[in-house]
Structure formats: structure tokens, C-alpha cells
Amino acid sequence: MSRSTMRFVEWTIGAPRGEAPKTVIQVRCLHPDCGQASDPSASHMDPDRWALQHAGRTGHTEYEEVARCRLVATPKEPV
Ligand SMILES: [Zn+2]
């Protein structure tokens, strides 16, 4: 029977090192057969404005807001 070495590494996850978290917000119409979405934006204002204009044009009233940010997983430095 051979011996094996198992190495356990702890990982952390967060914004890329040296960068502040950059959240991107997008609003998507939930009306069946529509699926249109706002452009991604750094603030709520433009996606909200898009949704209100879309509602006015189409009568579609339900939306989903998605906030995304890039995360990086890195092995934790040994102490
Ligand atoms: Zn729609």
C-alpha cells in the first residue's frame, strides 16, 4: 500500500486585489416572450429609467434587477 500526501489549502474570495468592488446593475423585463434588458450600469439610475420607459412603451410591469461584481478566488497565504 502506498502513502499519499494530501494538501489542504484554504481559499478566500473577494474583489481583485488592489481594486474596489465594482458592482454592475442590470434590469431585465420578466414579461413572457420579452426578455429585453437594460444596458449594464454602475448605478441604479439608468436601469430604472430604462424599465420605466420600457413599461410606458410596452405595458410590461414586472422586472428583475441583477447586481453582479467580479470576484477572484485566491489561495490563502500560509501563516
Ligand atoms: Zn418587456
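This is a predicted model: local features need pLDDT of at least 70, side-chain atom pairs count only at pLDDT 80 or more; totals for chains, interfaces and linings use all residues.
**Exercise 1. Describe the order of the elements and the overall spread of the chain.**

Solution. 
- Count the elements: there are 1 helix and 4 strands.
- Read them from the N terminus: the order is β-β-α-β-β.
- Compare the radius of gyration with the globule rule. The chain has 21 Å, well over the 12 Å that the rule gives for 79 residues, so the chain is more spread out than a compact globule.
- Along the principal axes, the C-alpha trace covers about 70 × 35 × 15 Å.
- Check burial: 15% of the 79 residues count as buried.
- Finish with contacts. Take those between residues at least 6 apart in sequence; 57% of them join residues at least 24 apart.

**Exercise 2. Find which atoms coordinate the zinc ion, and state the geometry of the site.**

Solution. 
- List the donors: SG of Cys-29, SG of Cys-34, NE2 of His-54 and ND1 of His-60. Their distances to the zinc ion are 2.1 to 2.3 Å.
- Look at the angles. The 4 donor atoms give angles of 104 to 113°, and the site is tetrahedral. The test for four donors is that all angles lie between 85 and 135 degrees.
- Write the spacing along the chain: C-x4-C-x19-H-x5-H.

**Exercise 3. Work out the surroundings of His-60.**

Solution. 
- Locate the residue: His-60 lies in the loop between α1 and β3.
- Collect the contacts. Without residues up to four places away in sequence, His-60 touches Cys-29, His-31, Cys-34, His-54 and Ala-55.
- Pick out the zinc donors among those contacts: Cys-29, Cys-34 and His-54 coordinate the ion, as does His-60.
- Turn to His-31. Its side chain makes a polar contact with the side chain of His-60, at 3.5 Å.

**Exercise 4. Find how many aromatic pairs the structure has, and explain why the pair of Trp-50 and Tyr-63 is called edge-to-face.**

Solution. 
- Search the whole structure: 1 aromatic pair turns up.
- Use its geometry. The ring centres of Trp-50 and Tyr-63 are 6.1 Å apart and the planes stand at 90°, so the pair is edge-to-face. The cut-off is over 60 degrees between planes.
- Trp-50 belongs to helix α1 (residues 45–58) and Tyr-63 to strand β3 (residues 63–69). They are 13 residues apart, and the pair links distant parts of the chain.
- Check accessibility. Trp-50, at 16%, counts as buried. Tyr-63, at 23%, is partly exposed.

Definitions and conventions: Residues are numbered from 1 along each chain as its sequence is written. Side-chain values use heavy atoms; hydrogens and water are left out. Rings of Phe, Tyr and Trp (its six-membered ring) pair if their centres lie within 6.5 Å; planes under 30 degrees apart count as stacked, over 60 as edge-to-face and the rest as tilted. Helices (H or I, at least four residues) and strands (E, at least two) are DSSP runs, numbered from the N terminus. Buried means under 20% relative accessible area, exposed over 50%, partly exposed in between (1.4 Å probe, protein chains only). A polar contact is a pair of N or O atoms within 3.5 Å; within protein, one must be able to donate a hydrogen and the other to accept it, and residues adjacent in sequence count only if both atoms are side-chain atoms. Contact means heavy atoms within 4.5 Å. Donors are N, O and S atoms within 2.8 Å of the metal (3.2 Å for Na, K and Ca); water is not among the atoms, so sites may look incomplete. Four donors count as tetrahedral if all angles lie between 85 and 135 degrees; four count as square planar and six as octahedral if opposite donors are over 155 degrees apart and all others between 65 and 115; anything else is irregular. The radius of gyration is taken over C-alpha atoms; the globule rule is 2.2 Å times the number of residues to the power 0.38.
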